[in-house]
Amino acid sequence: MRGRRLSVAAVVVVLGAPVFATGAQACSCAPQVPVEALRRSDAAIVARLVEVVPRGNMRTDYRYRVRRVYRGARMLGRGEMVSVRSARRTAACGLPRRQARPIGLFLSRDPRGHWTAGICSMIAPRRLEQAAKQGGGRSRLPVRASCTS
């Protein structure tokens, strides 16, 4: 009888594992060199989060006040508010909803003209400044997502 209970329990665990595994998805970011990420981005800024505006179940607009522009100065300016579209949840590589300090962001433009970014597009402001000093702002190649969920 005990052996049969163990067999039934083993079957339940094996068959139930995929159900529980689907709920445990998380974002993982591929390593990127800051200078290269800066070159590939359409814009790069240091900004402070001001507001989070949900846009349905999947997307959210994160509104930031720009403190410094390292790339994209023709489109963005210091002190300006910029709306960045991202996934709604950090598990889907969305931006964090709470940030006490300014962050660096590599931004890209989607076909509709929205600025987009995700958690994999974040960088410490000091590291972004270092990348800019190393000459990362020269190329105009579009940024490609380096996040998977």
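Which residues touch the most other members of the largest nonpolar core? That's where I'd like to start, but a quick word on the model. This is a predicted model, where local features need pLDDT of at least 70 and side-chain atom pairs count only at pLDDT 80 or more, while totals for chains, interfaces and linings use all residues. Residues are numbered from 1 along each chain as its sequence is written, and side-chain values use heavy atoms, with hydrogens and water left out.

Okay, the core. By that I mean a set of buried Ala, Val, Leu, Ile, Met, Phe, Trp, Tyr and Cys residues joined through side-chain atoms within 4.5 Å. Buried is under 20% relative accessible area, exposed is over 50%, and partly exposed is in between, using a 1.4 Å probe and protein chains only. The largest core has 16 residues, and the ones touching the most other members are Ile 45, Tyr 64, Val 82, Val 84, Leu 105 and Leu 107. At least two core residues come from each of strands E2 (43-55), E3 (59-71), E4 (81-87) and E5 (103-109). E2 gives the most, with four. Those element names are DSSP runs numbered from the N terminus: helices are H or I with at least four residues, strands are E with at least two. A separate core of 10 residues lies apart from that one, and includes Val 35, Ala 44, Ile 123 and Ala 131. As a general point, nonpolar side chains tend to be buried together in soluble globular proteins.

Let's zoom in on Leu 105. Contact here means heavy atoms within 4.5 Å. Beyond residues up to four places away in sequence, Leu 105 touches a list that includes Ile 45, Tyr 64, Leu 95, Met 122 and Leu 128.

Now the strands. Two strands pair if DSSP finds at least two bridges between them. E3 and E4 pair antiparallel over seven bridges, and Arg 63 has Ser 83 in E4 as its bridge partner. E4 also runs parallel to strand E6 (residues 115-116), joined by two bridges; there, Val 84 has Trp 115 as its partner. Trp 115 has another neighbour to look at: Arg 109 lies over its face, 4.2 Å from the ring centre. For that call, NZ of Lys or CZ of Arg has to be within 6 Å of the ring centre and within 35 degrees of the ring normal.

Back in E2, have a look at Val 53. Val 53 is buried at 15% relative accessible area, and leaving aside neighbours within four places in sequence, Val 53 contacts Thr 60, Asp 61 and Arg 63.

Last up, the disulfides, meaning pairs of cysteine sulfur atoms within 2.5 Å. How many are there in the whole structure? The search finds two. In one, Cys 27 and Cys 93 have their sulfur atoms 2.1 Å apart, and with 95° about the S-S bond the link is right-handed. Cys 93 sits in the loop between E4 and E5, is buried at 8%, and has a positive phi near 70° despite not being glycine.

The other joins Cys 29 to Cys 120. Its S-S torsion is about -85°, so this one is left-handed. Cys 29 is in strand E1 and Cys 120 is in the loop between E6 and strand E7 (122-123), so the link ties together parts 91 residues apart in sequence. Cys 29 is partly exposed at 41%, whereas Cys 120 is buried at 6%.
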